[in-house]
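This report describes a protein structure in plain terms. Please look at the sequence and the model before reading on.

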There are 2 protein chains.
Amino acid sequence: MRQPIGVIDSGVGGLTVARELMRQLPKERFIYLGDTQRCPYGPRPEDEVRAFTWQMVNYLLEKEIKMLVIACNTATAFTLEELQEQLSIPVIGVIEPGARAAIKVSQNKRIGVIGTEGTINSKAYPNALRAIDAKIRVNDLACPPFVPMVEDGILEGAEAEGVVARTLTPLKEMNHIDTLILGCTHYPLIRHLVQKEMGDHIQVISSGEETAREASLILAYHRALNTSNEQPVHEFYTTGDIEKFRVVANSWFEDPVQILELVELEGTRSSA
Amino acid sequence: MRQPIGVIDSGVGGLTVARELMRQLPKERFIYLGDTQRCPYGPRPEDEVRAFTWQMVNYLLEKEIKMLVIACNTATAFTLEELQEQLSIPVIGVIEPGARAAIKVSQNKRIGVIGTEGTINSKAYPNALRAIDAKIRVNDLACPPFVPMVEDGILEGAEAEGVVARTLTPLKEMNHIDTLILGCTHYPLIRHLVQKEMGDHIQVISSGEETAREASLILAYHRALNTSNEQPVHEFYTTGDIEKFRVVANSWFEDPVQILELVELEGTRSSA
């Protein structure tokens, strides 16, 4: 099937998921839509996140996508179930893949989760983990300073290390987890700092990598893999500043972004 | 859904997959059928493997399984597609999960595969890998001495190390892979020897662990997870010697096997 796969995110964070999708599924064509203008979704109320997410979904459905990936933990927490029920194409989110990967690697069944306030307050990760294994104990922690820091490009140095150390202190003090889920797509960019702070004995799981793996399975399961060997040309759309988006995307992908356009959704300003 | 999950294998090798399934899906009840009397399937012609596999499948379908796991690489290579087409329940094999996991971790796109003659000659792994990524280069190698050695319980010491070293020599000489798939369910039992022989820079993938992870996803995707918190009691069936099977199973599982019975399939002897 040559139809594209749609990827939605609250902003640029989901590009870490898109990059992994492109790496693990190099024959597939992707259409990415980031709601940069209204990012972050983390602190927003559930109703608002649901409304914004549906706007993005409807935009991509017109492009005849064969699968939808919700590359945003907050949007996944609030909308995955209803999207799976109401769309006729497969829909996957970033939460369950991270949960299943953590269950696979954890030996002591004590799993840590870090994410935005929205994701952590939703209890989506503990629910996903305990639905599979009731004996799992979860230590979760909202890390509000991480997304703004990553968006500002502060990924190294004393300031970044200090923020990570201070923020993770409550999790370190509990100290019994053997696995930590990065429950926000921005966090893989500071994975090295998190790993250093938590220690080498902690296995750090990136939900994005795991989501790409599961997208690959679901495509194969539906016999919907693209069998053509033509080099796919991906498309990127943003509700916010195009040039800022281009700079971030080009710094994360091997090849420069070719197709990048501004999109106006209900309530976003085209002159952003 | 409280119905059990069926697991079939040519013998006891698939118990490594069953163990991972039980660990990653602790609420689920499993029914395992091993065709120990006619093991190994690796050197058998395709028609015979297909006939034997269908006998096992029909036996488990009467037990109203909600999903089937083919925990044998040879049987997966020869029957997965027709079983997926003809059964109304989800069917997963051990080959694609190993392939997808390897694609996820490989950086240089050069992947090694070891397995039985049947699995390697079928080219099932190279086909699965290249269906996803045409640029992947595969070095595969049949390792006929490994299954008999593992079945004889030789998992340590100079003899085992010598056999592993001699057998893997052709693969080491090619020397460019960064990832190696254990394409036979017996091989996780000598994983430490394979890792030592190949070197720490090679990432070794166990198809069994990856299959359990994907089974978890497919169950969730079909909303067929068991939500009850009752401790499940698993059932084991073998076409061969019950006491030999019990010794192996009890050495691999934390809890002793409770239900273990002899099964007669067409062509197997009940007095085996």
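What follows covers the interface between the chains, a pocket, the salt bridges and a few backbone details.

The model is predicted, and every value below is computed from it.

**The interface**

Chain A and chain B touch each other: 37 residues of chain A are in contact with 36 residues of chain B. Together the two chains bury an area of about 3,100 Å² between them. Carbon and sulfur atoms give 49% of that area. On the side of chain A, A:Lys104, A:Arg213 and A:Tyr221 supply 24% of the area that chain A buries against chain B, more than any other three residues.

Which kinds of polar link cross this interface? The rule finds 18 residue pairs in polar contact between chain A and chain B, counting residues at pLDDT 80 or more. Five helices of chain A each supply at least two residues of the side that touches chain B: helix 1 (15-24), helix 3 (73-86), helix 4 (95-105), helix 6 (124-132) and helix 10 (207-221). The largest share, nine residues, comes from helix 10 of chain A. Sorted by class, this side of chain A has 14 nonpolar, eight polar and 15 charged residues.

**Salt bridges**

How many salt bridges does the rule count over all chains? The count comes to 38. Between chain A and chain B, the count is six salt bridges. Side chains of opposite charge can pair when their charged atoms come close. The table gives one pair between the chains and one pair inside chain A.

| Residue pair | Closest N and O atoms |
|---|---|
| B:Arg213 and A:Glu210 | 2.9 Å |
| A:Arg23 and A:Glu20 | 3.3 Å |

The pair A:Arg23 and A:Glu20 lies within helix 1 of chain A. The two residues are three residues apart, about one turn of the helix.

**The second largest pocket**

The second largest pocket holds about 1,000 Å³ of space. Its lining has 37 residues, and B:Met22, B:Arg23, B:Pro26, B:Gln231 and B:Asp255 lie nearest the centre of the pocket. Two elements give two or more residues to this lining, namely helix 1 (15-24) and helix 10 (207-221) of chain B. Which element gives the most to the lining of the second largest pocket? Helix 1 of chain B does, with six residues. By class, the lining of the second largest pocket divides into 16 nonpolar, nine polar and twelve charged residues.

**Backbone details**

In chain A, the cis bond joins A:Cys39 and A:Pro40, with omega about 0°. A:Pro40 sits in the loop between strand 2 (30-34) and helix 2 (46-61) of chain A. In chain B, a cis peptide bond joins B:Cys39 and B:Pro40, and omega is about 0°. The place of B:Pro40 is the loop between strand 2 (30-34) and helix 2 (46-61) of chain B.

One further backbone angle concerns A:Lys109. Phi of A:Lys109 is near 60°, a positive value in a residue other than glycine. This residue, A:Lys109, is found in the loop between helix 4 and strand 5 (110-115) of chain A.

Methods: Residues numbered from 1 in each chain as written. Chains lettered and ligands numbered in written order. Predicted model: local features only at pLDDT ≥ 70, side-chain atom pairs only at ≥ 80, totals over all residues. Heavy atoms only, no water. Contact = heavy atoms within 4.5 Å. Buried area = accessible area lost by both parts, 1.4 Å probe. Salt bridge = Lys/Arg side-chain N within 4 Å of Asp/Glu carboxyl O. Polar contact = N/O pair within 3.5 Å; in protein donor to acceptor, adjacent residues only side chain to side chain. Helix = DSSP H or I, 4+ residues; strand = E, 2+ residues; numbered from the N terminus. Nonpolar A, V, L, I, M, F, W, Y, C, P; charged D, E, K, R; others polar. 1 Å grid on protein atoms, 1.4 Å probe; cavity = no way out; pocket = protein on both sides within 12 Å on 5 of 7 lines; lining within 4 Å. Points joined across faces, edges and corners; volume = space filled by probe spheres on them.
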